[in-house]
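Morning, everyone. Let me put the model up, and then I'll walk you through it.

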Amino acid sequence: MTDEVSRPPQLHRIVPVGEDGLLVEFAAEISPTINRAVRRLSTALEQSGLTGVLEIVPAYRSLLVSFDSRLVELSPLRAAITAIAETLEDQPLPPSRLFRLPTVYGGSYGPDLDHVCNASGLAADEVIDLFSRQRFPVCCLGFLCCLAYLGGVPHPLQLPRRATPRLRVPAGAVGIANAQAVVLPIELPSGFHYLGRTFVSLYDPQQFPPTPIRPGDVVEFPAVSAEAAQEWTGQFPGVCDVDRISNSGPGLADDHSG
Amino acid sequence: MLTGFRILDPGWQTTIQDEGRPRLRRFGIPCSGALDQFSLQVSNLLVGNRPGAAGLETVLQGLCLEAVGSVIVAVTGGDLSAEWNGQPAPLWTSFRMASGDRLRFRCHQNGCRACVALRGGVAAPQYLGSCSTFARGGMWRNLQRGDLLPANDPAPLSPWSQMRSLAPALRPRPTSDYRVRVIIGPHQDRFTHDGLHTFLTARYRISSRSDRQGFRTEGPPVATTHGSDIISDPTPVGSVQVPGDGQPIILLRDGQTTGGYARIAAVISSDLDQFGRMMPADTVRFESVSREAALDAAARRRRLLRYLTAAFAD
């Protein structure tokens with residue numbers, strides 16, 4: 001991909017949300033280039049310490065800037081964000097870390113493995129091999145309890161969501177829908193297809209930050225036995241190979257298609 | 001000596017809530033906190049606490065608690081037929097309960113939730129800087145029979161301090177037909193002209209499938225131009241999202257921080273408290289206002305709170 005040498009993505013628009021928010025949008029697509037621009041802008045805004053800005057919430061292709069309207073007016077803030085967005089080329093990002101979450105696949109741990117095999121035409125071994133070798137970039141955190149939105153599901157495994165969502169899927173379940181993968185931080189309803197389960201904890205409200213994972217990191221789900229997976233019960237995942245993964249280089253964050 | 005409350009019956013649902021845990025949405029952590037912040041703030045001021053101190057939020061009916069030691073309390077919010085030792089308890093007014101006195105919420109008259117403040121504030125474990133219960137996220141749990149809730153050490157009452165009461169004119173008026181002001185956007189271009197018109201003129205019924213995460217409504221469907229799915233983006237508290245069935249959902253204080261449905265409007269901050277009062281089957285109409293009008297309303301609310309903070313100070 002050539003996005004690193006071409007001009008970074010332009011802002012699509014900045015629109016007010018409610019009385020004290022600005023939604024800053026890039027192009028409406030799920031792409032590593034766009035998401036990197038979002039993270040760059042988010043980092044730049046955090047570092048610029050704009051007066052009156054209370055919080056910056058980055059997502060896939062947009063970020064929400066909430067502010068105290070007693071301290072800053074809307075138009076100067078909008079102008080400041082636009083100006084900062086012009087300088088993103090030089091904006092460094094925090095280092096990308098690799099997290100390995102030991103995962104047990106199939107059976108009661110991955111109730112949709114058979115369905116994914118049927119839909120993709122692959123054998124169970126092939127699905128597990130393909131999925132467990134993949135590195136999934138963390139696009140953003142959100143929904144509830146630090147749910148990490150992961151991109152990069154390989155093409156043969158890209159399936160539409162289940163027609164009928166499950167009402168209860170346990171914490172640690174690892175699932176896919178379209179190009180997205182998730183690993184659930186708590187029990188949630190979900191329409192994703194679940195391939196396996198990890199017992200690593202990804203969320204602890206007694207810690208700050210409440211999850212070790214941040215946007216721009218990379219996650220792997222290596223296949224292990226149920227016994228080995230359960231040894232991790234309740235533990236935060238370790239960081240692997242911080243230096244091996246670079247945000248500026250090619251690869252990783254780029255091999256996830258929208 | 002320990003003073004506080006013992007829960008004899010948690011009723012339909014009772015949780016500890018305070019002003020919430022703002023500014024964690026980038027982690028996917030909702031702010032939580034009392035749905036009706038005005039009632040929480042006033043209840044605290046009435047007993048001499050800071051406005052955002054931790055108190056109880058109880059829903060509908062059934063909560064019964066007992067004073068442990070002598071405690072000063074205030075009940076605000078909806079009228080849930082609170083009884084103090086079998087007699088009607090004063091509302092929006094502080095009073096002293098003697099050890100063993102009982103406070104019971106018999107049945108709802110109007111409004112859906114009440115706040116109970118305890119002088120000193122309810123001592124409870126903090127998660128990410130707040131005592132607000134968010135049971136789903138492992139941040140404490142709904143209260144249970146037998147729970148003992150101690151007060152933080154309250155400041156001693158000054159000899160000239162007295163019981164306090166909020167002027168009736170300042171109390172939210174009971175209704176079952178709400179008018180909620182919204183600012184249109186950010187995805188208004190995803191709705192047809194008729195869809196926007198429907199949203200701003202129809203009455204929507206509050207669904208029984210409504211909770212602290214979000215209020216679902218039932219009414220004429222809001223028409224979209226090309227479906228309601230968007231690439232998930234941040235959903236602040238008060239977002240009015242419209243899923244495929246066209247029935248607006250208002251995201252509240254336990255609501256998700258990101259969502260994939262187009263959002264037609266945002267409820268202005270000073271009208272969010274109203275969702276803490278609405279009952280299933282109540283109706284709501286949405287009125288579009290300018291950002292300036294929303295800022296004026298927010299400023300008026302802050303002035304009132306500043307005035308009450310001064311008026312009720314020890």
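Start with burial: of the 314 residues in chain B, 50% are buried. Buried means 20 or more other C-beta atoms within 10 Å of the residue's own, exposed means 12 or fewer, and partly exposed is in between, with C-beta atoms placed from the backbone.

A word on ground rules. This is a predicted model, where local features need pLDDT of at least 70 and side-chain atom pairs count only at pLDDT 80 or more, while totals for chains, interfaces and linings use all residues. Residues are numbered from 1 along each chain as its sequence is written, with chains lettered from A and ligands numbered from 1 in the order in which they are written.

Back to chain B. It has 3 helices and 20 strands; these are DSSP runs, helices being H or I of at least four residues and strands E of at least two, numbered from the N terminus. The radius of gyration of chain B is 20 Å, close to the 20 Å from the globule rule for 314 residues, so chain B is as compact as a globular protein of that length. That radius is taken over C-alpha atoms, and the rule is 2.2 Å times the number of residues to the power 0.38.

Now contacts. Two residues are in contact if their C-beta atoms, placed from the backbone, lie within 7 Å. Of the chain B contacts with a separation of 6 or more, 78% join residues 24 or more positions apart.

Buried or exposed? Leu170(B) is exposed, with 12 other C-beta atoms within 10 Å. Its C-alpha atom is 9.9 Å from that of Trp92(B), 78 residues away along the chain.

Over to chain A. Where do H1(A) and H2(A) meet? On H1(A), at Leu41(A), Ala44(A), Leu45(A) and Ser48(A); on H2(A), at Ile81(A), Ile84(A) and Ala85(A).

Last, the contact between the chains. How many residues does each chain give? Chain A gives 36 residues and chain B gives 32. On the chain A side, the largest share comes from S3(A), with 5 residues. By class, that side of chain A has 25 nonpolar, 8 polar and 3 charged residues. Ala, Val, Leu, Ile, Met, Phe, Trp, Tyr, Cys and Pro count as nonpolar, Asp, Glu, Lys and Arg as charged, and the others, Gly among them, as polar.
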